[in-house]
Amino acid sequence: MPEDNTSNNTQTIIEDKVKRPSMYEVVLLNDDYTPMDFVIQLLIEIFNRSINEAKDITMQIHENGKGVAGTYSHEVAEQKHAESVMISRHHGHPLKIIIEKMQ
Ligand code: TYC
C-alpha cells in the first residue's frame, strides 16, 4: 500500500514498499543408485558449477544426504528442477530433486 506522507501543502511524498523477490534453492537428495559421475556432470551442465564445486557438492550429498545445486528465482529454480528430473529419468536414475524457499 502506498504511504501518504504529506508534510505540508507544497510537497507530498509517496513511498511504496519494495520487496526483493524470494530466492529458492534447488536441492539434490542422496540415493543408493544414481552414479556419482552422473551427479557431477549434472551439476556442471545444468547448474553451471566448476568441476571442483561439482565434486564437492556431490560428496556433500553422498555423506550428509542433501546438497544445494544452486540458488535462483522461483521461475529459474522450476526450470532447473524440471530439466534435471527429465535428464535423470532419461538416463534411468532415481535422483530426487526438491526446491526449498530460502529464509
Ligand atoms: N550415493 C550415490 C552413490 O553412492 C551417489 C549420489 C550422490 C547419489 C549424490 C545422489 O544426489 C546424489 N552412487
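Predicted model: local features only at pLDDT ≥ 70, side-chain atom pairs only at ≥ 80, totals over all residues.

User: In what order do the elements run from the N terminus on?
Analyst: The order is β-β-β-α-α-β-α-β.

User: What share of the residues is buried?
Analyst: Of the 103 residues in the chain, 27% are buried.

User: Now the ligand. Which residues are around it?
Analyst: The residues around the ligand are Leu28, Leu29, Asn30, Asp31, Thr34, Val39, Thr58, Ile61, His62 and Leu95. By type, five are nonpolar, four are polar and one is charged.

User: Which polar atoms lie 2.7 Å from a nitrogen atom of the ligand?
Analyst: A polar atom in the side chain of asparagine 30 is at that distance, 2.7 Å, from a ligand nitrogen. Histidine 62 also has a side-chain N or O atom 2.9 Å from a nitrogen atom of the ligand. On the backbone, a polar atom of leucine 29 is 2.8 Å from an oxygen atom of the ligand.

User: How much of the ligand does the protein cover?
Analyst: On its own the ligand has 350 Å² of accessible area, and the protein covers 88% of that.

User: Which elements give two or more residues to the shell?
Analyst: Strand 3 (24-29) and helix 2 (51-64) do. Helix 2 gives the most, with three residues.

User: Changing topic: how many aromatic pairs does a search of the whole structure find?
Analyst: The search finds one. The rings belong to phenylalanine 47 and tyrosine 72; their centres are 6.3 Å apart and their planes are at 40°, so the pair counts as tilted.

User: Where do phenylalanine 47 and tyrosine 72 lie?
Analyst: Phenylalanine 47 is in the loop between helix 1 (36-45) and helix 2, while tyrosine 72 is in strand 4 (residues 66-72), so the pair ties together parts 25 residues apart in sequence.

User: Are those two buried or exposed?
Analyst: Both phenylalanine 47 and tyrosine 72 are buried.

Terms used. Residues numbered from 1 in each chain as written. Heavy atoms only, no water. Near = heavy atom within 4 Å. Polar contact = N/O pair within 3.5 Å; in protein donor to acceptor, adjacent residues only side chain to side chain. Areas by Shrake-Rupley, 256 points an atom, 1.4 Å probe, with all protein chains shown as cover. Helix = DSSP H or I, 4+ residues; strand = E, 2+ residues; numbered from the N terminus. Nonpolar A, V, L, I, M, F, W, Y, C, P; charged D, E, K, R; others polar. Buried < 20%, exposed > 50% of the residue type's maximum accessible area, 1.4 Å probe, protein only. Phe/Tyr/Trp six-rings, centres within 6.5 Å; stacked < 30°, edge-to-face > 60°.
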